[in-house]
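Q: Could you take a close look at the aromatic pairs in this structure and walk me through what surrounds them?

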Amino acid sequence: MRLCCLVLFGCSEFDLRGGDEPVPVTVDMTTPAVETEPTSEVPPPIVTTPPVETTPPATTPPPTTTPVETGCLCPSGFTALPDDDGCVKRTEVAPDFLGEGYPVCTVIPHIDYGMYGARYPGGLIVSDDYWGDDDFLPDGRLNETGVWACAADGVSSGFEPEGEWIGFAVCVDIDVGGDYLLGLGADNRMRLTVDGVTLLDHTDDNSENFKYWWLQAISLTSGPHVVEFEGFNAGGPAGLGAEISGPFASGSLIDDASMASQDYDGNLVWTAQESLGSTFALGETSGYQCPGGMALDLCAEAPLCYSEETAACQ
């Protein structure tokens with residue numbers, strides 16, 4: 001799997017193509033290769049952060065590539081996914097470019113961040129130094145990975161912007177479908193969408209948004225996807241933490257217990273800290289903005305917004 005992280009100005013279990021709270025085989029070339037049993041391991045993704053354009057994108061989206069004949073027969077207008085695990089049809093438009101985005105800096109640590117620990121979709125809570133706990137120390141995932149717009153010194157995060165959603169658009173290009181865990185927390189509000197579909201939307205200013213590290217599970221098919229993490233500061237200190245962990249075997253994240261049993265840290269493929277030195281790609285007065293229900297793809301030849309329909313192979 002190749003995973004491409006989009007620069008951000010400012011992609012229980014969920015099925016994307018379908019949340020709330022609570023092997024390589026090494027062969028000795030000096031001897032004949034021996035056939036090996038297939039493995040169930042899912043190849044790891046690759047995440048990068050490309051530079052974000054600071055000039056408006058072309059109004060005409062790049063041409064669609066010609067579909068290639070595969071073992072998956074798709075309905076008219078649909079294209080087979082790379083691993084023949086389904087069909088997809090994309091609608092693309094150019095995004096609105098609102099100006100240069102806010103620079104990204106590390107969040108100011110706070111003992112309240114993550115003090116309740118990790119919270120899984122079904123309500124399971126795990127508290128420790130990794131996820132966060134109430135030990136009067138600034139530990140946990142939000143303190144570890146959190147960022148916000150830089151203060152005037154350009155080194156640490158500040159309080160601005162207030163009253164505006166900003167965030168990241170992360171490209172995930174997958175060779176073989178698999179399950180993923182998405183983690184986030186924010187001071188004060190937060191939103192998580194994948195390919196334009198909202199999975200989590202905390203639009204209140206409840207302190208639980210930053211006192212817990214919120215986990216979501218999702219199954220992704222082969223092909224490109226965009227995971228968007230957004231945060232909103234209602235006043236005072238601010239922060240947005242986000243991570244992507246996986247891949248795990250398809251269908252393995254069926255409940256809180258199965259999610260908690262995975263090696264989350266050992267399978268991290270992207271964290272918000274990887275955006276340090278860049279800018280937030282999503283915003284309401286800066287960066288790029290897409291129509292509702294569409295995702296921002298910064299890994300394409302030119303920035304574009306897309307929505308998609310899926311269908312099974314015929």
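A: Searching the whole structure, which is a predicted model, turns up 12 aromatic pairs.

Now for F229 and W270. Their ring centres are 5.6 Å apart and the planes sit at 10°, so this pair counts as stacked, the cut-off being under 30 degrees. Here, too, distant parts of the chain get linked: F229 is in strand β14 (residues 223-232) and W270 in strand β16 (residues 268-271), 41 residues apart. Both F229 and W270 are buried. They also belong to a cluster, where ring pairs link them with W148, F168 and F280.

That brings us to the largest nonpolar core, which has 32 residues. F168, F229 and W270 are among the members that touch the most others, as are L182, L192, V227 and I244. Strand β9 (residues 165-174) supplies the largest share of this core, 5 residues. Apart from it there's another core, of 15 residues, including L181, A217, L253 and M259.

The charged end of R191 sits over the ring of W165, 4.0 Å from its centre, and that of R119 sits over the ring of Y212, at 4.9 Å from the centre.

How values were computed. Residues numbered from 1 in each chain as written. Predicted model: local features only at pLDDT ≥ 70, side-chain atom pairs only at ≥ 80, totals over all residues. Heavy atoms only, no water. Core = buried A, V, L, I, M, F, W, Y, C linked by side-chain atoms within 4.5 Å. Buried < 20%, exposed > 50% of the residue type's maximum accessible area, 1.4 Å probe, protein only. Helix = DSSP H or I, 4+ residues; strand = E, 2+ residues; numbered from the N terminus. Phe/Tyr/Trp six-rings, centres within 6.5 Å; stacked < 30°, edge-to-face > 60°. Lys NZ or Arg CZ within 6 Å of the ring centre and 35° of its normal.
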